[in-house]
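Work through the exercises below with the model open. Try each task before reading its solution.

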Amino acid sequence: MAETRYTKDHEYIRIEGDTGTVGISDYAQGQLGDVVFVELPAVGKALAKGGEAAVVESVKAASEVYAPVSGEVVEVNAELEAAPGTVNEDPAGKGWFLKIKLKDAAELESLMGEEEYQNYVKTL
Amino acid sequence: MRYLPLTDTDREDMLARIGVPDIDALFSDVPGGKLLKAPLDLPRTKGELEVERIMARMSAKNTAASAVPFFVGAGAYKHHVPATVDHLIQRSEFLTSYTPYQPEIAQGTLQYLFEFQTQIAALTGMEVANASMYDGSTGTGEAVLMAHRVTRRRKAVLSGGLHPHYTEVVKTLSEMANDDVVALKADVSASEDILSQIDDSVSCVVVQSPDVFGNLRDLKPIAEKAHAHGALLIAVFTEVVSLGAVTPPGAQDADIVVGEGQSIGNALNFGGPYVGLFAAKSKYIRQMPGRLCGETVDADGQRGFVLTLSTREQHIRRDKATSNICTNSGLCVLAFTIHMTLLGQAGFTLLAEVNHANAVKLADALAGVTGVTVLNETFFNEFTVKLKKPAAEVVEVLAAKGILAGVPVSRLLPHAGLDDLLIIASTEVNTDEDRAALVAALVEVL
Amino acid sequence: MLNRQGRPTQAGAASHEDRATFTGNKALQQIEPLIFEIGHHESTGVDIEKPAAFKPRLGSHARQGEIGLPGLSEPETMRHYVRLSQKNYGIDTGLFPLGSCTMKHNARLNEKTARLPGFSDVHPLQPLSTVPGALDVMLELSRYLMTLTGMPAVALSPKAGAHGEACGMMAIKAAIAAKGEGATRTVVLVPESAHGTNPATAALIGFSVKAVPARPDGTVAVEDVKALLGPDIAAIMLTNPNTCGIFEPQIVEIAAALHEAGAYFYCDGANFNAIVGKARPGDLGVDAMHINLHKTFSTPHGGGGPGAGPVVLSERLAPFAPVPFIHVVNDKPHLIETREEAPAGNEPFGRMTAFHGQMGMYVRALTYMLSHGADGMKQASEDAVLNANYIRACLSDLMSLPYPDHPSMHEVLFDDEWLKGTGVSTLDFAKAMIDEGYHPMTVYFPLVVHGAMLIEPTESESKASLDLFIATLRDLAISAKGNDKERFTSAPHHAPIRRLDETRAARQPVLKWVKPAPVAEAAE
């Protein structure tokens, strides 16, 4: 089963081989409220861990989505352009943002696992 | 003081309720010695009658446009504004309301903003328009910054036909942001070679039509070349009435259109407040500056309007906002939109026709004056003449005779060697007598 | 019982149900379509005579095809916009406690003087010899602003507060460049509680922004500023009184620390109304401050402008003021309109706008100042502060104050701590105020406070008006705490329109009217 890891900024990355699917957690979408727009990077763009990867906007807020790990953008979820609400409805599934080809799998170790993240969210 | 409802008894009661001995106790955070004790060295409260007298005295020292034959333009124009406009914009609910942050009790403002945006889009031939900028010049500065964001380049090319104040505003902003600006030399004959300036480093080309000298410019070839190099065309106008007679910039594939809207609904006001018009292709909407009003529905499904796409703006995006603009030109927008509603396209195109006809009549008459050469091949309601004497001097002499003849180019560009050029505007307010007076005075002076 | 005309005098049996009407109108509240839905392309509300035939000079540029805009006759226009106005809330409607916006009374004398033909009907480029009275207004306004702020110079031309911020920060950038430090001093400090315009302005001018943390008491500490100071710091942008409604107690020390480090102090003057005639920014060490004439000096907000944002400048920044400015020689004012014409000793950084700024607003503001006088302006500030503190004193047992340790200035800030567990949010509370006939306070600003409610009553309210407002908020607060959620979460119930779907507006933006497609015939 694919493993999902989380950042403190509430991005998740689901690992499948040497690529990871990046999105925002269910907690994050709840905090943001109705998502109205998602700005995605160009395919091929090199991202550094912690660097700005995308922007997600609700009516009254705009938040940067940071790259959980370094790597190259190999695919973006073009469906979000027409249906940004998918981020609210299915953040872990159809509401994914982008796929990234991992540069250094070791970077994953600094991220939280499922249980650790859920405990982290409880402290907020 | 007539504007202050509290009585001294109220004040005492309120201080007691707060639990402080005197008003200065509430100013206890003002550092020691910095709290002023006595009123400052300025006059004391005055009654309405006295204030009105003082202001009227200052006003009376100025020559009002309506009082004389008047041909001054170059970015601001004397037009007739229907009485309905000024009456309506002074209704309390418009005049004393705020930016519509609470849409349930601001549908009046929001609906006229939506109407305004629709009108501007139609007039310019563009897909979307915002709810206004401060004026045409600051709007032009914002358009250049927007083009930089869209293209991710930082070099603007400005036509020599752009109003010199607009050029200065763009240069000032760009110098501050360390962006590049290539401003072409003032171009009276509209023959500058702007195309050769466009290459892959250019973010945008800024061209005004009618230009500051009154010439109509062909924007299409500039748009084509700009687009071939990944740059944007920013089309500018200072006389919105021209759009009733000439091909709109949208039909010439402009990417961003900026204009001064003062001519419709707004008085000359010695330069402000005015209203900046700002329109663009809809694909650039998220890079637009300023407020946008959008349609939606309420909880009962009834149509209503709200400010939208606010995440572009400073109050949400802070240092990543598309602009720092907050307060814009609300009431001037209302004046514009009411006047435009009264005109409709039928009245607006007729108004444009009268303006053009009056300017043509004047140009024809001036062409017969020795010492005057009309330089324009094309124009709308404004053109440039070459005089055999320095234009500033001629204007002063004519002003002393009670005629306001136009804008000497040297007023805008003091060291450009264009001292013999005069920019003359003629709108619907000019009568045959006005024109005859100007022609006769010029014959006498030259 | 019948009255003498034989009409019943008793009200009919009251029905609490909202009875639908045929038109959808509710008496004075009329549903008003868009002009595009009621106007016609051939209609017009102006009578313009078609000119005699002439030879056009438009070359190949004549417009082809129609614009696509309807017109309305004059009576239709009048009715349309009057009906729209009736859907708006203004200061003249009722108490408008919008914090940081200073919604004070807009005297109509100001409107009258602004419309005098010598002000409204003069062109910015007509010969200066024909507008001496306009220069008088600019000089007199300058004198008042400089006296009230204790600053030696003023740049009048900025068109609104944010434009004034840009002007002040540009003067600072120019001064830094003149000292040869342009490449190093690139960072501007901005407190977390600042208006969004501050970081946006700094970024616009090419500075990067560093946040200054807020202390738990809602103020900025000089130690926190000192810790951030260095050769890279250009300036601080600090609002005073600050956005939490508190006069920054360490402002003098902060200014001194900045100056010692070679940086400048930009003060956001949005809240100047609290201290006019009570304290002068010039005495506090400020280098530049914009003044919102549409807040402090009562020029109308007009549904979002026009404003005016003159900037007062310190001795150090004065030489860099933009064109145009007035240069007085032998008591005679000269308007300097281009950089080239600037007299020696001036290095204007450029130009903020075409022409000379917001003359219409200068006239209104000057009229206000002349009316009040020095004594009246001082009293106005004191009353504004008194009113805010009175509201605070009467509500703080029910609503929570995040910063109880300092007196409020002209606005009082509450947070939503007191609403916890009620299921009522700050937004809900604001919407319920609408039902009670009030414009809500500023909500969710400043960002440093959770669920902020910023109340600025201004000096224009009588004690009776404040007492009713206080009683209303107390009733609402008790109701919120007493589980009457429905009063809030579905409010407003009595406004011309219910809560609007902002998500829909943002997801599929409809920014102009588009003619609806004809309804297609049903298939088959």
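**Exercise 1.** What volume does the largest cavity have?

*Solution.* This is a predicted model: local features need pLDDT of at least 70, side-chain atom pairs count only at pLDDT 80 or more, and totals for chains, interfaces and linings use all residues. Residues are numbered from 1 along each chain as its sequence is written, chains are lettered from A and ligands numbered from 1 in the order written, and side-chain values use heavy atoms, without hydrogens and water.

Step 1. Take the definition: on a 1 Å grid over the protein atoms alone, a cavity is a set of points where a 1.4 Å probe fits but cannot get out, and lining residues have an atom within 4 Å of a point.

Step 2. Read the volume, the space filled by probe spheres set on the points. The largest cavity has about 170 Å³.

Step 3. Find the centre. Among the 17 lining residues, Thr138(B), Glu142(B), Leu173(B), His163(C) and Leu204(C) are the closest to it.

Step 4. Assign the helices. H6(B) gives the most to this lining, four residues.

**Exercise 2.** Which residue of chain A forms a salt bridge with Glu502(C)?

*Solution.* Step 1. Apply the rule: a side-chain nitrogen of Lys or Arg within 4 Å of a carboxyl oxygen of Asp or Glu.

Step 2. Count. Chain C and chain A share one salt bridge.

Step 3. Name the partner. Lys60(A) pairs with Glu502(C), and the closest N and O atoms are 3.2 Å apart.

Technical notes:
On a 1 Å grid over the protein atoms alone, a cavity is a set of points where a 1.4 Å probe fits but cannot get out, and a pocket is an open set with protein on both sides within 12 Å along at least five of seven lines; lining residues have an atom within 4 Å of a point. Helices (H or I, at least four residues) and strands (E, at least two) are DSSP runs, numbered from the N terminus.
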